Structure formats: structure tokens, C-alpha cells
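Subject: Structure handover

Hello,

Here is the structure for you to look at. Notes on what was found in it follow below.

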Amino acid sequence: MAGLGRGRGRGKGYMSFSIEAVGIGKGENLPPSILQPTPLFPPMEHKPVPLVMGEEAEYMLALKQEFRGNMKTLPFYVRQAVSKKDVERYSDKYQNSEPSDNTIEWNPDWKRLPKELRIRVKKPLKENTSLSVDTPVDPKPSKKTRVDKEEIIHKLETLEKKEEEVTSDEGEKKKQEEEQQDGEEEYDEEEFEEETDYIMSYFDNGEEFGGDSDDNMDEAIY
Amino acid sequence: MTAQEVRLCGLLLQEHFGEVVERIGTHLLRGGAQNLRTIANETNTPLDLVKKSLCVLVQHGACEFGSGRRGPGSPVEYRANCERVLRVLRYPRYIYTAKTLYGDTGELIVEEVLQRGHMTMSNTVKTVADRLTHNMEEGRSMEYSEVVSAFSKLVETHFLQRCPPVAEMGTAASSTTPSNPDCYKLPHVTLIGRGKRRRSSDDSEEQRGGKKAKMEVESCGDEGIYWQVNFERFHQHFRDQAVISAVASKLDQTSSEIVRTMLRMSEVTTTQTAAYTQPLSANEIFRSLPPNYSISRPILDQYLSLLVDDPVGADLDSPPHIPTLNLQRALANLARATLESVVQERFGSRSARIFRLLLRKRHLEQKQVEDFAMIPAKEAKDMLYTLLSENLVQLQEIPKTPDHAPSRTFYLYTVNQLPTARLLLQHCYKTVANLIERRLFETKENKRLLEKSQRIEAILASLQASGAEPEQLTEVEEMITAPERQQLEALRHHINKLDSTENQVDETVFLLESYIFSTKTK
């Protein structure tokens, strides 16, 4: 701003330019100088214009909120891996594992990215193979495993035909398993249910132990 | 990359990609080009997470990579693109425009491509067909061919373009059209099939058939050809819309139709940064007018001369009979109107009068301002100083003598349109960032309540699906008390308002950005 006063009794303030030119008359009351930052929510003298409401605005609003919601479910939403709890649990094998840091959940086109960015692609659990496969993922290994399964199925079928003592129950069971191995994502949980002896919905972590029984109040709970 | 832009980009990245990507993204935006190790060390993030985030950013075009500064041997460097991240704010507008132009199919195509950054054509067609089938009635499904035709229309009108090819060394070519001649060529792929509806009962039958169809479509023949949304084309469309509506409100409907016809005819031939449209003869315009506007030739000439004389809106520079639209001036006029309305809303109509006066008369002294604006001296002074403190108005000194003595210099008030537009643009960015932060704050405050309501909705849905009695439903509904319900209602209302405001501020952002951009390229 204009220069400070060298003031020895020069009155209110002395500026390097003549303030009449800018319009401040002589001896006029200037507003006091402000010595602190302006308030966070200053009072508004003029109210703002109301928002545009209408079909178009509402549709765009819905689009925006939907888009945000969808982005949170896509694999592009990178979440930091939560550190594991104290002990490894049996249920960890069969419940959804949290995203881990060193695998990527989608399959980018590695030719468009520099080589140093390659990390392991997380194979979905349904394949019944190990949880992560080494770089890069080609359709070949999955085809190989499918081909292997088909071979096994053929072998089993021929064996079935040869053996006449195979009971109908066993045959049906094998066919069921074959169908399930052919099956796609939807039978994820049920496959695992077949393998374990426990029904998933009944599985109890045991962490709520001790808080349930209110029947015998006279017995002390240790 | 100003501080406000970086802050806004950070918030947008956080909302759409999570906090990890936000951290990496803001670091890149603030620090310029860096290589992988530097990023990992300076942000204290594990290397794998950094790699994941960079993959996400490159996938969405927000980050580019190139060979390092010290030549081909040095590690790859990554650069974040601030503008591209700011586009995320405009996604709903793009999707809505696609809907108005090409219907639901077009809308879903654009939405899918925006969500995934870039996609192959076959992938897009499959996903969109499945989504459309999902929403259709039972027994009907969407043919791939319909989706393919919508896709080709989008490509023909340049709304979608191919991603530029990436060279082996990891240097990405600049994605401007000249260096990418096949930008708009559709790949020769025949996609035959229908959308699949995901139903559990059908799955067992579709297993074998489904597997075979999947294997066929996988090797579809357009591997490596990725499509992305062409933002520039959408911006051109928005700009045309703005000009047309300005003409319509200033003059009348017919003249806006004329302007619309002119713009449509030069749509594909005009590049985004062109200041003028292609010259068109009046005959061509006459022939291309829509049939319901049956105006005769002399009336058309009258309208054209009216548009020429009009100082605001679309300006035609014409030797007669060769009208062109001066888009640069049109944008400047639109930006000026925006500035004027901002001053009006914030400082009142009299300050706006002073502002408009200064815009037209360029330089005025204090006394002249009072006289021309017909405002008493004291109030005029007050308003001028308020505008000056907000930096909307500047003081210009003109010395009379070489020694710049203050008693012998003129002090003139002036408004410079371009710097003021830049200032307002930064204010807009700050506004949107504040809106987003406030929305996040409101959501966080009421997190408990929101979770409770979500859980209850889930319970209600499962009860209804398994056919429960109405008493059970009311019992569950009563788990939310009335004051809680009111609180939820108020919360939803606030969040909707904040979201809607972001959309509308973005319209102003678009106008100002286009104006500033048009002045850069001369």
C-alpha cells in the first residue's frame, strides 16, 4: 500500500501520493485499519441466487451420486491392506480375504505400461488354484487347468464305464463335482461348502463367547 | 498448478480412487515429474501400493510416463495431469449429453468408458448389453448389434477416440489428433450375441453354452485397440450450446436456429481451438435449415445482417454472403457476462453498474466514475474500494511528470478482463473444493446414523424378499425413531444440495476455462 508516514505530528497518515486524487477528501473519516484476518464466515450482505432446480439438474445429480458409488466398488479404488489380526483363523481360508498390497485386482494391458509397474495379478478364488499366480496372466494357464480337468473328467468317465460295481450314488456325486468344477463364479461359496464339513452360515468365530447366556444369573461368570 | 487446483484434484482423487491414490497423485502434482523410487520414498508408501496407484492413474489418463531426464538409460518418470483430473467433475455432464444425443445406449457406453478409463470395443459392447438386458423386462435381451451401432455413431461424431499407441520404450506419444491418424477408425470386428441376464436359475443351463461363447468373444480381434472419451469434442458441443442459448435469449428463436445450423455444419471440420468457423455461403445455410423453419431467403439475409450488427452473442464477420462465426469473441462475451453477473450477485446492482462501466470505458478517473454511474460520491468511493480490495478492479497510474510526483499523476480505475477471469476461476476451484469438504464432513458426522439406516434397509429388503408380514416390516421400520428420520432427511437434503451446487459451479468453470484457453492459442 502507499508508504508509511514518517510522521512527526503529520496527522492521520502520510501517503506517497496525494489522496485527493483517489477521492478521499481532507479530514474525512477513513474506516479503521484491519489488524486481524477476516472472519471465517463473514456476514453476507447479498443473498446468493437460488440453485437451478429441474429435471436436468436432478438427473445429473443422480448420475453423479451413482457414478461415485460405482467407483467405490470397482477395483480401481485402491485400499491399503489392513494388517492381519493376531492369529490365523481357519475361516480366513474360506471368507473373503482383504485386498493385499502386492497384488492387483484387475488385469491391465501390460503392454501399455512400463515394465517396472508390473505386479502380480490376483487370481480369483474360484479357480481352485493357488491364490496368486506369477506374472503375467495369460489365458493359457487357465486353459491348461481346464484342459487338465477335462482330461480327468474323461478318465473318470471311462473308468466309470469299466467298473460295474460303481454305485449310482458315487457316479452322481462325481458328476456333480464335475459340473461344479466347470461352474462359474456363482458357485463360489457352495464349492467351499462342499469341501468343508461345516455349514458356512452356522460358523461361529467363538468371539461372542460369554456374552449370551442370561439364564442362570445366580451362577458367577468367570 | 495452483494450490487451489491441487487441493481440488486431491479431493476428487480421494473420492473416486481412494486415499492411497490421492496421496500419490497430489505428490506428483506438486512435485512434477518423478520416478518410481522417489515417489515411494517421499510418500512413505510401500512400493507395491505405489505401483498399483500408478497403474490406476495411467489407466485413467491422469498420469503419463516418459523416459527420464538423463536420457534413455535413466528410470521412467511419471507426470500427473492436473487438467485431466479436474475433468472428473464434469463426468455427469458428459454422460447426460450422451444420453440426450444417443439415448440410453449411448449414455451407458460413455459411462462405462469413463468408469474404466479406456476399454476395448468388444468389452464395452458386452458390458453395456448386459446392463441393458438387466434393466429390460423378462425374456427380452439386448442385441450386440444395437450397441455396436450406437458405439459407431459415437466414434463417427468424434465423441470417442482411440487411445494413442504407446511406444516400446515407455514414452507415450502426445494424444493430439495429427499424430494419431487412425483416431476414429472402427476396428473390423463382428460381434454377434445378446446381452446375458444374470439369473441364478438360468446359470446351470447356460454353463456349457456360456463357457463356449466366452471363449469365442475373448479372442475378438480388437486386442490392443482401446477407446477413450474425447473430452475436447464434448467441450466443443457445450460451447456451441452456450452460444446458441445466448443468441436465443438475446434475439429470438429463429436466429438461434440459424446459428445452430451454422455450428452444426462446421462441427466436424472445425478444430476445438479454431477462432472462426469455416466460411459458409448463405445458400448452404438456407438449404440446411431444418424444414419446420420455413423462412424465405430475404428474411434469412435480414437475420444474418442482424447477427452481424449484434455486439454480443455470436458475432459474424462478413463480407456479405460469407458469414462466419467469431467463436473467440463469442466466448469473450460469455465470459464477460459471467464476470458481470458475479459482481452483481456479490456486491449489488450499483457495484455491477460501476463494473460494467469500467469494462466498457476501460479507464476512468474517480470523478468520472461518479458522474457516469450517477451514484453519489461517497457510495461510489465505498464500492470502488470494495471492488479494489477484492482485486476485481485495478488502479493504473499515469504520470504527468518524469519524477512520478503523486500530486501530478493520474490515477485511473480499470478492469482487465483476462486476469479477472483467471482470478474468478481460481475462486471457483476453491468453491468446489470447499463444497466437497463440507459434504465429506457432513457424511462423517452422521456416519453412525447412515450405517444404521443402511442396515435397516437391508433387513427390510431381505424380509420383503422372503415374504414377511406387514407387522414385522413396521416393527423393523420403527427401529429408526422419528427424530432420527428427520435428521436423515435433512442430511440427505444437504448432501443433494451440495452435490447439485458442485455441478452448477462446474458450468461456470467450463465457461471461464474455455475463454482463458481460447486467448492462449493465438
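**Findings for chain B**

The accessible surface of chain B comes to about 25900 Å², and 52% of that belongs to carbon and sulfur atoms (Shrake-Rupley method, 1.4 Å probe; for residues, only the protein chains shown count as cover). This is a predicted model, where local features need pLDDT of at least 70, side-chain atom pairs count only at pLDDT 80 or more, and totals for chains, interfaces and linings use all residues. Residues are numbered from 1 along each chain as its sequence is written, chains are lettered from A and ligands numbered from 1 in the order in which they are written, and side-chain values use heavy atoms, with hydrogens and water left out.

Of the 522 residues in chain B, 49% are buried (under 20% relative accessible area, with exposed over 50% and partly exposed in between; 1.4 Å probe, protein chains only). Chain B has 21 helices and 11 strands (DSSP runs, H or I of at least four residues for helices and E of at least two for strands, numbered from the N terminus).

On cysteines, the structure holds zero disulfides over all chains (a disulfide is a pair of cysteine sulfur atoms within 2.5 Å). C9(B) is in no disulfide, and its nearest cysteine sulfur, that of C82(B), is 3.5 Å away. C9(B) is buried, at a relative accessible area of 0%. For C428(B), the closest cysteine sulfur is in C82(B), 15 Å from its own and too far for a bond. C428(B) also counts as buried, at 11% relative accessibility.

Regards
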